[in-house]
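I am opening a notebook on a structure that is new to me, and I mean to write down what I looked up, entry by entry.

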Amino acid sequence: MGLLEKAGKIADDNTGDEEAPAAVPATVVLDPEPVAVKPKKQKKAKKQKKPKKEKKPKKAKKPRSSVKELPDGFELAGRGRSSLRFIVDFTVNFGLIIGLVVFGLVLTYTDITWPLVLVLLLSIFNMAVMPIQYKSSMGNVISRTKFINSRGDSAIFLYHMLKNINIPAYLIFFGGLLIAISAGTVWTTATKITVGLSIAIILIPFLDWIFRRTRKDNLGLWEVAFGGVWLVRSTETSSDGSKFMKRLESMAQYAETKGFVDDEDDES
């Protein structure tokens, strides 16, 4: 039995030599930190919608009247004053020129260069310079009238110039018509353009006539284009001390004494 004892002893020795297994440390479980829960924001109370304002009923737009009205405080010039103004302005602006051309080129065949220059300067003075300087023409001063707009102010000089365009338009029209019907006319491109424009310009006085015939206020083309212009009576006298204006004032007094602008005969 000696062998068995030795074997058991060896087995006991081997068992003693084996190291005891290391103890496994127990897992430490840490309690999780409490997560701070954000308090839910209270929903803002919905703002109550303001009651919609009741829409005001739109004011009915007044229909625009095409009829122009004379400003308060003025009186339309009668037929006598209107006729005198037209005669004076026509004579100064165009009558002298036409008479001089007929006398010099048709009747006597004389040189009218310098006289023609003078009457042309006089025409320009009456249509442009006087309206700028005095707000009137020679015809206005002598007939005691003036042109006013819808605000009661004197019409600008541009109106005075365009107002007188009808007479040149007639003259240019008849000149173009004579060229067109002349047997000796050579029809080049320039001639066709000249005749065409000369005939087309008659539309200006024609439209002016249409306006006066169809409108209730009897205003013409240029009166409507400038927002309403009327020829009214005027008792104003020029403060200018020039001999020329004094001469015109004396002519106005003469016209009154002769009854050319007699208010009793004027038709407003």
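**Terms and ground rules.** I begin with residue classes: Ala, Val, Leu, Ile, Met, Phe, Trp, Tyr, Cys and Pro count as nonpolar, Asp, Glu, Lys and Arg as charged, and the others, Gly among them, as polar. I keep in mind that this is a predicted model, in which local features need pLDDT of at least 70 and side-chain atom pairs count only at pLDDT 80 or more, while totals for chains, interfaces and linings use all residues. Residues are numbered from 1 along each chain as its sequence is written, and side-chain values use heavy atoms, with hydrogens and water left out.

**Entry: the chain.** I looked up the elements, where helices (H or I, at least four residues) and strands (E, at least two) are DSSP runs numbered from the N terminus. The chain has ten helices and two strands, and from the N terminus on their order is α-α-α-α-β-α-α-α-α-α-β-α. Of the 268 residues, 26% count as buried, where buried means under 20% relative accessible area, exposed over 50% and partly exposed in between, with a 1.4 Å probe and protein chains only. I then turned to contacts, which mean heavy atoms within 4.5 Å. Among contacts between residues at least 6 apart in sequence, 71% join residues at least 24 apart.

Entry: Grid points are joined across faces, edges and corners, and a volume is the space filled by probe spheres set on the points. I found one cavity of 30 Å³ or more, and the volume of the largest cavity is about 60 Å³. Its lining consists of Arg85, Asp89, Asn93, Asn126, Met127, Ser137, Phe147, His160, Lys163 and Asn164. The elements that give two or more residues to this lining are α2, α3 (113-134) and α5, and α2 gives the most, with three residues. By class, the lining divides into two nonpolar, five polar and three charged residues.

Entry: I followed one of the cavity-lining residues, His160, to its place in helix α5. His160 counts as buried because its relative accessibility is 5%. Leaving aside neighbours within four places in sequence, His160 is in contact with several residues, including Met127, Ser137 and Phe147. Met130 lies in helix α3 and is buried, with a relative accessible area of 0%. Not counting residues up to four places away in sequence, Met130 touches Phe125, Lys135, Ser136, Ser137, Met138, Val141, Phe244, Met245 and Leu248.

Entry: How much space lies in the largest pocket? I noted about 960 Å³, and of the 32 residues that line this pocket, the closest to its centre are Ser82, Arg85, Lys163, Arg212 and Glu223. Among the elements that give two or more residues to its lining are α2 (79-107), α6 (166-181), α8 (203-214) and β2 (229-233). The largest share comes from α2, with eight residues. By class, the lining has 17 nonpolar, seven polar and eight charged residues.

**Entry: α6 against α8.** These helices pack at an angle of about 130°, with their axes 8 Å apart; axes are lines fitted to C-alpha atoms, for helices over the stretch in contact, and angles run from 0 to 180 degrees between N-to-C directions. That makes α6 oblique to α8, since angles under 35 degrees count as roughly parallel, over 145 as roughly antiparallel, 65 to 115 as roughly perpendicular and the rest as oblique. Asn166, Ala169 and Tyr170 in α6 meet Ile204, Pro205 and Asp208 in α8.

**Entry: two backbone angles.** Most residues other than glycine have a negative phi. Lys135, in the loop between α3 and α4 (138-143), has a positive phi near 65° and is partly exposed, with a relative accessible area of 45%. Arg144, in the loop between α4 and β1 (145-149), has a positive phi of about 60° and counts as buried at 9% relative accessibility.

Key
1 Å grid on protein atoms, 1.4 Å probe; cavity = no way out; pocket = protein on both sides within 12 Å on 5 of 7 lines; lining within 4 Å.
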